[in-house]
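Here's a quick briefing to read alongside the model. Have the structure open as you go.

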Amino acid sequence: MKRQIVEVKNVLRTLDMFANLQSRSDITPGIGLIHGPSGFGKTSTVTHMVNQLTNMGSVPAFVRCCATDTPSSFLARVTKELGSDPIYPLRKSLDYIIETMNEQQIALFVDEADHIVGQSKTMETIRDIYDATELPVLLVGMEEIARRISHRKQLFNRISEWVEFLPADNEDVSMFASELMEVDVKVGEDMLDYIRVRSGGEVRRTLIALDKIERFAISNDLDFVDRAVWGDGQLFLNNSRR
Ligand SMILES: Nc1ncnc2c1ncn2[C@@H]1O[C@H](COP(=O)(O)OP(=O)(O)OP(=O)(O)O)[C@@H](O)[C@H]1O
Ligand SMILES: [Mg+2]
């Protein structure tokens, strides 16, 4: 399987959403939210967007939160991403972040924001960064994040754009198959539909299944695999066969 991003609907919706944040009017706040279940492609999509923006010369600061994050470790990570060693006290670190983002017009992307959404101080710091720069801030997290942020009114009211990652549909699964398989193998419609249903539309599990099909096609010298050709081999890890 090739390692490249397929521009399926969730990806296109995210690119549109960020373009809207960048071109918003003065009265519209600039915090965006991406949320959805694990394995649906949130991190890959944001990384893809970071690469695109970097190629266009506007490199965003991209940080990934950890379960052990504190306000201090979060600020240290953003500071490092912006090119500096940790700065203390935290107030100075915040000043450095704001100054650098303003000077270089840098947007801030925060992945795995679930880990910090319960921390008032870190979330208020993100709001401080936004208020002092008015540059796009993109928060990325799992399903629950939207509900949890909604309790933080001051931050929530600054969210003007959001994308909920939806399960892959048949067209998306078909694009993954045709764009990611290295060998020229066609996957039958019934198989694509089966993958979509059994994966629950999760990209991670979809790609694992397609990888198995590709290997199967290579080792059996096949250019077409549908459910009849696949037979009763196990395609998904769970308690039922096939
Ligand atoms: N649009 C895409 N094109 C190609 N591969 C993709 C795409 N989206 C996701 N993937 C692949 O699917 C897997 C899961 O994606 P990713 O890690 O981005 O999901 P996630 O939503 O961030 O999950 P988590 O919530 O667990 O962090 C990755 O291995 C990635 O390579
Ligand atoms: Mg992720």
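This is a predicted model: local features need pLDDT of at least 70, side-chain atom pairs count only at pLDDT 80 or more; totals for chains, interfaces and linings use all residues.

Residues are numbered from 1 along each chain as its sequence is written, chains are lettered from A and ligands numbered from 1 in the order written, and side-chain values use heavy atoms, with hydrogens and water left out.

**Domain layout**
- The protein splits into domain 1 (9–164) and domain 2 (170–230), with bounds from an automatic or database domain assignment.
- Taken over C-alpha atoms, the centres of domain 1 and domain 2 sit 35 Å apart.

**Where the domains meet**
- On contact (heavy atoms within 4.5 Å), 5 residues of domain 1 pair up with 7 residues of domain 2.
- About 470 Å² is buried between domain 1 and domain 2, and carbon and sulfur atoms give 40% of that; buried area is the accessible area (1.4 Å probe) that two parts lose on being put together, summed over both.
- Lys9, Gly39 and Phe40 supply 86% of the area domain 1 buries against domain 2, more than any other three residues.
- There are 2 salt bridges between domain 1 and domain 2, counted when a side-chain nitrogen of Lys or Arg is within 4 Å of a carboxyl oxygen of Asp or Glu.
- Lysine 9 forms a salt bridge with aspartate 172, with the closest N and O atoms 3.1 Å apart.

**Ligand 1**
- Ligand 1 is surrounded by 18 residues, the closest being Ser38, Gly39, Lys42, Thr43 and Ser44; a residue qualifies with a heavy atom within 4 Å.
- A backbone N or O atom of glycine 39 lies 2.8 Å from an oxygen atom of ligand 1.
- For threonine 43, a side-chain N or O atom is 2.8 Å from an oxygen atom of ligand 1.

How values were computed. A polar contact is a pair of N or O atoms within 3.5 Å; within protein, one must be able to donate a hydrogen and the other to accept it, and residues adjacent in sequence count only if both atoms are side-chain atoms.
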